[in-house]
Amino acid sequence: MIKRIGILTSGGDAPGMNAAIRAAVRTAIAADVEIYGIRDGYLGLHQDRISRMNTLDVTNIIGRGGSILGSARFRAFEEESVRREAIENLRKREIDSLVVIGGDGSYTGALRLTEMGFPCIGVPGTIDNDVHGTDFSIGFDTALNTIVECIDRLRDTSNSHKRVNIVEVMGRHCGDLCVSAAIAGGADFAIVPEQPFDSAALFRSISQAFAAGKRHGIVALCENITNAELLANDIEGNTGIECRATVLGHIQRGGVPSAQDRILGSRLGELAVKLLIDGIGGQCVGIVNGELTHNGIAESIKSLPRKFDAKLAALPLRLA
């Protein structure tokens, strides 16, 4: 029977992680299960930065961005000997299982621990929305709202100067964030990894639009496809229309979590702890068609990265 649970956040931070931590802590304590916070992800797990948490530790954190537990990327965790040392830190405190909040890399670590006899539950926390087993990951909605606000502001100045603006957003190898931001922000084009990038078609479309009287253009660009500054130069050189590039970067990860991310984080954090209490490990939780669900971590990471919903391509937006 589960008596003690550990919890950590790993990889890139995402708004709403604190809501998940809060829900997990409160759910565990309500079930008379001790819960221990692990600082700085798998790095802190290996370096024994572990302490017991209580309800006061999670008071007033639901509206805070980032993660109160901190996060880190720790490549050495790929080594079995390092994982065994980390497990020993848990064993000496008689911690039975672990909640891991993060993305695909975090899931891989959780799977390896589960395979070594230490049950874990993965909770999707990444603005990229690129993990399988869930329609939405914690942080996606907040990041999307941040991007749309930036696009709205750029449109004002772009229209004043009769200019094209490229807005580079995160997403790694998944176009969900880019396409969703382009649709919500009224962008003219979206450049995503799931579609071939035809620069000639992009130049032609921009030229035709401005020739017809359009005063501005917004191009949403998913990172890791092409250099935003070089693309801006190419657009200007091929169309004669002034073009600027804005790389939003880590501003997308910060800020107060949206109501949707607070609710999602709370629901998933609660479910993760309940599964462990019921003796279920090696799973990742998620939400599909509005319903909470869970499936094997191994199944989820086999086909990473998750691709954006093809149905979005049918909306009034050109995928360049």
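Residues are numbered from 1 along each chain as its sequence is written, and side-chain values use heavy atoms, with hydrogens and water left out. Because the model is predicted, local features need pLDDT of at least 70 and side-chain atom pairs count only at pLDDT 80 or more, while totals for chains, interfaces and linings use all residues.

Side chains of opposite charge can pair when their charged atoms come close. The structure holds 16 salt bridges, a salt bridge being a side-chain nitrogen of Lys or Arg within 4 Å of a carboxyl oxygen of Asp or Glu. One of them joins R52 to E34, with the closest N and O atoms 3.5 Å apart. R52 lies in strand β3 and E34 in strand β2 (residues 34-38), so this pair ties together parts that are 18 residues apart in sequence; helices (H or I, at least four residues) and strands (E, at least two) are DSSP runs, numbered from the N terminus. R52 is exposed, with a relative accessible area of 53%, where buried means under 20% relative accessible area, exposed over 50% and partly exposed in between (1.4 Å probe, protein chains only).

A salt bridge also links D40 and R49, at 2.5 Å from N to O. D40 is partly exposed, with a relative accessible area of 23%, and R49 is partly exposed as well, at 30%. In helix α5 (residues 140-161), R153 and E149 are four residues apart and thus separated by about one helical turn, and their side chains meet in a salt bridge of 3.1 Å, N to O. R153 is exposed, with a relative accessible area of 58%, whereas E149 is partly exposed, at 42%. Through shared partners, salt bridges also join R4, E34 and R52 into one network.

The backbone comes next. Most residues other than glycine have a negative phi. D48, however, has a positive phi near 65 degrees; this residue lies in the loop between α2 (41-46) and β3 (50-53) and is partly exposed, with a relative accessible area of 24%. N60 likewise has a positive phi near 65 degrees. The place of N60 is in the loop between β3 and α3 (80-91), and N60 is exposed, with a relative accessible area of 68%.

Helix α6 (residues 176-184) is mostly covered, seven of its nine residues being buried. The buried residues are D176, L177, C178, V179, S180, A181 and A182. Just after α6, G186 takes a positive phi of about 65 degrees.

Two packed helices are described by the angle between their axes and the distance between the axes. Helix α7 (residues 199-211) and helix α8 (residues 228-239) pack at about 55 degrees, with axes 10 Å apart. Axes are lines fitted to C-alpha atoms, for helices over the stretch in contact, and angles run from 0 to 180 degrees between N-to-C directions. The two helices are therefore oblique to each other, since angles under 35 degrees count as roughly parallel, over 145 as roughly antiparallel, 65 to 115 as roughly perpendicular and the rest as oblique. Where do α7 and α8 meet? L202, F203, I206 and S207 in α7 meet L231, D234, I235, N238 and T239 in α8, contact meaning heavy atoms within 4.5 Å.
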